[in-house]
Amino acid sequence: MKPVLLALMFLSEEHRAQMAQSFELVYAPDAAQAAAAIAGHGARITVVLTIGATGLSAAQIDALPNITLVCALGAGYENIAVAHAKARGIVVATGAGTNDDCVADHALGLLIAVVRGIPRLDQLTRQGVWRTALPLPPNVSHKRLGIIGLGTIGKKIAQRALGFEMQVGYHNRSARTDVPHRYFADVTALAEWADFLVVATPGGAGTQHLVNAAVLSALGPRGVVVNIARGSVIDTAALAAALREGRIAAAGLDVYESEPAPPAELIGLDNVVLTPHVAGWSPEAVQASVDRFLENARRHLAGEAPVTPL
């Protein structure tokens with residue numbers, strides 16, 4: 001008999017079929033379906049696949065007496081009760097490294113779109129407005145880029161920024177010894193130095209509203225903030241106020257606190273570019289994430305260590 005897999009996020013038909021080759025798949029992509037699946041199949045489920053935003057709570061873990069493996073499809077795992085799982089001897093693994101290039105590409109795309117005003121220029125062009133009636137959009141090149149969180153994705157964003165001949169600074173819990181970029185121990189100091197601020201840090205309680213009113217004011221009236229990490233890292237109310245009052249110039253957000261609903265405070269502002277949490281989504285990246293999960297699960301069920309354990 002195939003082991004029983006509980007999947008708690010959206011999966012395409014193709015990927016469900018791929019997983020069904022190795023598992024009996026219980027597909028529960030929303031909260032109501034998850035509760036029903038756990039109630040109906042809890043004792044049979046041995047592997048859980050989730051994402052960081054959905055997670056897997058301690059109560060859910062306790063309702064699944066026979067699970068031995070919990071995997072996050074992507075790199076994030078902020079809402080998985082990792083300590084509780086490990087205390088029960090459950091292995092936890094992630095999809096770290098499978099969508100880094102895609103996220104870094106999207107971060108630069110948002111930055112260029114926001115700084116150059118591309119979405120608004122598209123709208124105005126369709127209305128017949130010519131360039132002589134418009135203010136000049138600034139360069140992206142030769143600016144200072146501050147990155148909050150220089151992990152694997154942050155490093156790839158920095159690599160791309162160097163192609164635009166930008167100076168790169170970063171904030172981490174501690175300085176890295178493997179990069180030449182300037183380290184800032186304080187987020188506000190990084191924002192004061194930077195022209196552009198990109199958020200690439202993990203979510204969770206430790207980074208809740210790390211980018212607050214003070215940080216945004218430090219970024220300044222020509223500053224731009226981009227978030228491809230987690231919506232919880234930026235204080236949305238403070239961001240909306242800073243944008244309306246001209247304390248920063250613009251923002252590009254792939255993630256926001258209200259998701260999947262759009263951020264009501266921001267949707268009426270023309271100096272904001274929004275995308276629906278797709279930075280890590282491409283055919284290549286999603287396939288790599290699914291393949292990584294299946295390899296992590298195969299190894300675990302064979303008594304081996306997964307490729308990317310926590």
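A residue is counted as buried when its relative accessible area is under 20%, and by this criterion four of the five residues of strand β7 in the predicted model are buried, so that β7 is largely enclosed by the rest of the structure. Strand β7 belongs to an open sheet of seven strands, arranged in the order β8-β7-β6-β9-β10-β11-β12 with parallel pairing. The edges of this sheet are formed by β8 (182-183) and β12 (272-274), each of which has a single partner strand, so one side of each is left without a neighbour in the sheet.

Within the sheet, β6 (residues 144-148) pairs with β7 (residues 167-171) in the parallel sense through five bridges, and isoleucine 148 is placed opposite histidine 171 of β7. Helix α10 (residues 236-244) lies across β10 (224-227), β11 (250-253) and β12, and runs at about 145° to β11.

The buried residues are Asp100, Cys102, Val103, Ala104, His106, Ala107, Leu108, Leu110, Leu111, Ala113, Val114 and Val115.

The segments on either side of α5 were also considered. Asparagine 99 is located in the loop between β5 (91-93) and α5, and its relative accessibility of 13% means that asparagine 99 counts as buried. When neighbours within four places in sequence are set aside, asparagine 99 is in contact with Gly280 and Ala285. Just after α5, glycine 117 adopts a positive phi of about 65°.

Glycine 117 is also among the residues that line the second largest pocket, for which the lining comprises 34 residues, with Val114, Val115, Gly117, Ala249 and Ala250 lying nearest the centre. The elements that give two or more residues to this lining are α5, α6 (118-126) and β12, and the largest share, six residues, comes from α6. The volume of the second largest pocket is about 830 Å³.

A search of the whole structure finds one cavity of 30 Å³ or more, and the volume of the largest cavity is about 40 Å³. The lining of the largest cavity consists of Asn227, Gly231, Ile234, Thr236, Leu239, Leu253, Val255, Tyr256, Glu257 and Leu266.

Technical notes: Residues numbered from 1 in each chain as written. Predicted model: local features only at pLDDT ≥ 70, side-chain atom pairs only at ≥ 80, totals over all residues. Heavy atoms only, no water. Buried < 20%, exposed > 50% of the residue type's maximum accessible area, 1.4 Å probe, protein only. Pairing = 2+ DSSP bridges. Contact = heavy atoms within 4.5 Å. Axes fitted to C-alpha atoms, helices over the stretch in contact; angles between N-to-C directions. 1 Å grid on protein atoms, 1.4 Å probe; cavity = no way out; pocket = protein on both sides within 12 Å on 5 of 7 lines; lining within 4 Å. Points joined across faces, edges and corners; volume = space filled by probe spheres on them.
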